[in-house]
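Colleague: I am new to this structure and would like to learn how to read it. Could you take me through it step by step?

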Amino acid sequence: MNEGYYKKTFPGTPIYQGGTTIPNQQYLSDDLPSEQSYIENILRINKGKRVEIYMTFPDASDKDKIFVGIIEQAGRDHIILSDPTTGKWYLLLMIYVDYIKFDEKINYSKEFLPN
């Protein structure tokens with residue numbers, strides 16, 4: 001057994017020192033850190049906008065699907081979308097996203113641009 005593997009601290013795992021939690025990763029909020037041009041950050045600054053999310057599910061009988069709704073939240077591996085016409089809410093996994101279409105201009109932070 002490789003003991004070095006089990007002693008690693010993975011992203012998101014808090015480190016405890018003297019009963020105090022020391023985060024080992026940067027926590028993201030609506031205030032995005034500089035140069036973090038990730039899909040979830042772009043979705044976060046476009047929260048509340050209507051989108052069409054095109055997804056492919058390789059092992060499903062209905063492989064391609066389009067979800068239409070309002071961006072409610074976004075994380076590293078997921079998007080929460082609400083559909084006001086049906087009242088349904090969706091938790092969509094990023095791994096299946098092909099692309100996302102917006103009906104209006106996409107907000108994009110200048111901090112995402114290279115120096």
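Colleague: Is Asn46 buried or exposed?

Modeller: Buried means under 20% relative accessible area, exposed over 50%, and partly exposed in between (1.4 Å probe, protein chains only). Asn46 has a relative accessible area of 0%, so this residue is buried. Contact means heavy atoms within 4.5 Å. Leaving aside neighbours within four places in sequence, Asn46 is in contact with Ile71, Phe102, Lys105, Ile106 and Asn107.

Colleague: What is the pLDDT average of the chain?

Modeller: pLDDT is the predictor's confidence in each residue, from 0 to 100. Here the chain averages 79, and 64% of the residues score at least 70. Over residues 4-11 pLDDT stays under 50, and the model has 8 contacts beyond four places in sequence for them. Residues 24-29 also stay under 50, with 16 such contacts. Where pLDDT is low, the predicted coordinates should not be read in detail.

Colleague: In what order do the strands form the open sheet?

Modeller: Two strands pair if DSSP finds at least two bridges between them. In this model 5 strands form an open sheet in the order 6-5-4-3-7, with antiparallel pairing. Strand 6 and strand 7 (97-102) are the edge strands, each pairing on one side only.

Colleague: How many bridges join strand 5 and strand 6?

Modeller: Strand 5 and strand 6 (residues 88-93) pair in the antiparallel sense over 6 bridges. Along this pairing, Ile79 stands opposite Leu92, and Asp83 has Lys88 as its bridge partner. The hairpin of these two strands has 4 residues between them, and Gly87 takes a positive phi near 80° there. Ala74 has Ile79 as its bridge partner in strand 5.

Colleague: Which residues make up the largest nonpolar core?

Modeller: A nonpolar core is a set of buried Ala, Val, Leu, Ile, Met, Phe, Trp, Tyr and Cys residues joined through side-chain atoms within 4.5 Å. The largest one here has 12 residues in all: Leu43, Val51, Ile53, Met55, Phe67, Ile71, Ala74, Ile79, Leu81, Leu92, Met94 and Phe102. Strand 3 (50-56), strand 4 (64-74) and strand 5 each supply at least two residues of this core. Beyond neighbours within four places in sequence, Leu81 has contacts that include Val51, Ile53, Phe67, Ile71 and Leu92.

Colleague: Why does Ser82 count as buried?

Modeller: Ser82 counts as buried because its relative accessibility is 8%. This residue lies in strand 5 (residues 78-83). Leaving aside neighbours within four places in sequence, Ser82 is in contact with Gly69, Ile70, Glu72, Lys88 and Trp89.

Terms used. Residues are numbered from 1 along each chain as its sequence is written. Side-chain values use heavy atoms; hydrogens and water are left out.
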